[in-house]
Amino acid sequence: MSFAIARNLAKKNKALRPAQNLLPANDTPSASETGQHSLLRFITCGSVDDGKSTLIGRVLYEAGAVFDDQLSALDSDSRKFGTQGAAPDFALLVDGLSAEREQGITIDVAYRYFATDRRSFIVADTPGHEQYTRNMATGASTADLAIILIDARKGLLPQTRRHSFIVSLVGVRHVVVAINKMDLVGYDEAVFEQIAADYRAAVQNLGFASIRFIPVSARDGENVMRPSTLMPWYDGPALLPYLESVAIAPSAPRDEGFVLPVQWVNRPDLDFRGYAGTPVTGRARVGDPVVALPSGRTSRIARLIGAAGEASQIAAGQAATVTLEDDIDISRGDVIAAAGSTLPVSRGLKARLLWTGERAMLEGGQFLVKLATQSANATVEALHHSIDIEGFQPLPAQSLRMNGIGLVTLRLDRPLVSLPYARSHELGGFILIDRISNETVAFGFVEPGEGEARQAVGEGGALARAQRGVLRIVGRKGTPDRRAWLAAVSWRVLSTAGLFVAAFALTANVPVSLALAFGDILLRPGLRALHMRLWRKVPTGTLQDGAGI
């Protein structure tokens, strides 16, 4: 019985695709083909049981990327793990973990590669379960387009909204909304139109460049490879032809100049010191003036060594080793940039966080931040708000729980080079790591600083230092430090005013009363500092993280 089903599937597969037109994913294309193919990276996301894995399995099958031996294995697996009775369960082509097959859900991100005669594809099938939202965000971080599935019977669910927000957060601007399981609602056009209208209203402020709605039945293959005869009211393209033709315009690059985060200092002997890494923007040539950040020391490029040896120039994306004319203290995590660069160097980051830790995030929490090749200790200085998934509106919050999204300010123990995520994914995206468990607890996306004291190399140095000095004393607006400073100032003013009134009532002498009041202002901080110093008995070592363990 199993071989008969496999044979029938294979015959149907061959009938659906001419061999000369479609290219299986694990065949090696010729040089001419790869030269003509464009590459599309896309993900599938949505809520649990919306049919994401089934859709991807069906797309692979319809595209001719499944071989006869895989069909035989699919038949055997479908009888053991499948949810479609005697019919093949195409989700098993993607869900490979035993736990995924036993539970019928996707847990980890599954990547598949296939190609047609028009385009090559890398697809990431991501989990819909709320517990594995971190895996979905990982898959979305490299995607050009997102297929968001919606069960036609259920409509928009909270996880559908959450995934849509995360997709927009990581910079995906093209969305296909596949309204699945249309067969279970009788291929009703009204259901399709209502869900499409609800989704448009829900994501109108997320900044998507294009949204395409396609009604499908992933299980039966309706509207996957070709337009379905069961939905004559839909006059748009089927899913796979649309993916072959959709144009993903690259975002206009900003001229940030040459920027190279140093990944490794290559020091094989006394005569060679090179700084290895991959430039994230710009182009560099031998002899170009450069600056090392955050130190601000300048030099010129002496040599450029690429994969093929000595090179006269390198560009963004080309791994290389750079040597400089001068000996400068540069280590992993520093940044080599074009001279005159205005890259901000700051001890503070304002960022959106997708919190993935099981324990809630609170103000004052301390973590390790990793941004490009840089790392620093970070303290959550302020949680400005969280995001309501239903309406994507900011809400006051005291903490961020698992899968929560919020806006925070981080205070760092060393200056880092960063850019807003919208300008640079490499210098704008980071992770937070719990310093005790070594668990990744958040994905971060740098926001443009509002009122932050940032030092731009080559301009505004004195003013920036003065601003940072003031902020260290009074704290930033809306932070606990600023509130504590305001409380202390208000109490000091009231105390001094009360002392002046009391002294004037007793002496009727304005100069004496003013002298006593100003004496109170000057003496009280000094006496308090002396008092705290005398009574502070805690050894310094116990204040350090991990001391005494």
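Predicted model: local features only at pLDDT ≥ 70, side-chain atom pairs only at ≥ 80, totals over all residues.
# Reading a fold, one feature at a time

Me: Which residues is S312 in contact with, leaving aside its neighbours within four places in sequence?
Reply: Contact means heavy atoms within 4.5 Å. By that rule, S312 is in contact with A284, R285, V286 and L304. Take R285: it is 27 residues from S312 along the chain, yet their C-alpha atoms are separated by 5.8 Å.

Me: Let me zoom out. How many helices and strands does the protein have?
Reply: There are 13 helices and 27 strands. Of the 549 residues, 46% count as buried. Now look at contacts with a separation of 6 or more: residues 24 or more positions apart account for 69% of them. For the surface, accessible areas use the Shrake-Rupley method with a 1.4 Å probe, and for residues only the protein chains shown count as cover. The protein exposes about 27,500 Å², with 54% of it supplied by carbon and sulfur atoms.

Me: Which residues touch the most other members of the largest nonpolar core?
Reply: A nonpolar core is a set of buried Ala, Val, Leu, Ile, Met, Phe, Trp, Tyr and Cys residues joined through side-chain atoms within 4.5 Å. The largest one here has 42 residues, and I43, V167 and Y199 touch the most other members. Elements giving this core two or more residues include β2 (38-46), α6, α7 and α8 (189-202). The largest share, 5 residues, comes from α8. Apart from this core lies another, of 34 residues, among them A337, W355, V369 and L427.

Me: What is I43 in contact with, leaving aside its neighbours within four places in sequence?
Reply: Its contacts include A124, M136, A140, L145, I147 and V167.

Me: At what angle do the axes of helix α6 and helix α7 cross?
Reply: Each axis is a line fitted to C-alpha atoms over the stretch in contact, and angles run from 0 to 180 degrees between N-to-C directions. The axes of α6 (residues 133-140) and α7 (residues 158-169) come within 10 Å and cross at roughly 35°. The contact uses T133, M136 and A137 of α6, and Q159, R162, H163, I166 and V167 of α7. These divide into 4 nonpolar, 3 polar and 1 charged. Here Ala, Val, Leu, Ile, Met, Phe, Trp, Tyr, Cys and Pro count as nonpolar, Asp, Glu, Lys and Arg as charged, and the others, Gly among them, as polar.

Me: Why is α6 largely enclosed by the rest of the structure?
Reply: Because 6 of its 8 residues are buried. They are T133, N135, M136, A137, G139 and A140. Their cover includes β2, α7 and β26.

Me: How many residues of helix α3 are buried?
Reply: 11 of the 11 in α3 (residues 52-62), so the helix is largely enclosed by the rest of the structure. Just after α3, G64 takes a positive phi of about 75°.

Me: Which residue other than glycine has a positive phi?
Reply: Most residues other than glycine have a negative phi, and most peptide bonds are trans. F392 is one exception, with phi near 55°. F392 lies in the loop between β21 (374-388) and β22 (393-395). K181 also has a positive phi, about 60°. K181 sits in the loop between β6 and α8. At 18% relative accessibility, K181 counts as buried.

Me: Which peptide bond is cis?
Reply: The one from L293 to P294, with omega near 10°. P294 is in the loop between β12 (289-293) and β13 (297-306).

Terms used. Residues numbered from 1 in each chain as written. Heavy atoms only, no water. Helix = DSSP H or I, 4+ residues; strand = E, 2+ residues; numbered from the N terminus. Buried < 20%, exposed > 50% of the residue type's maximum accessible area, 1.4 Å probe, protein only.
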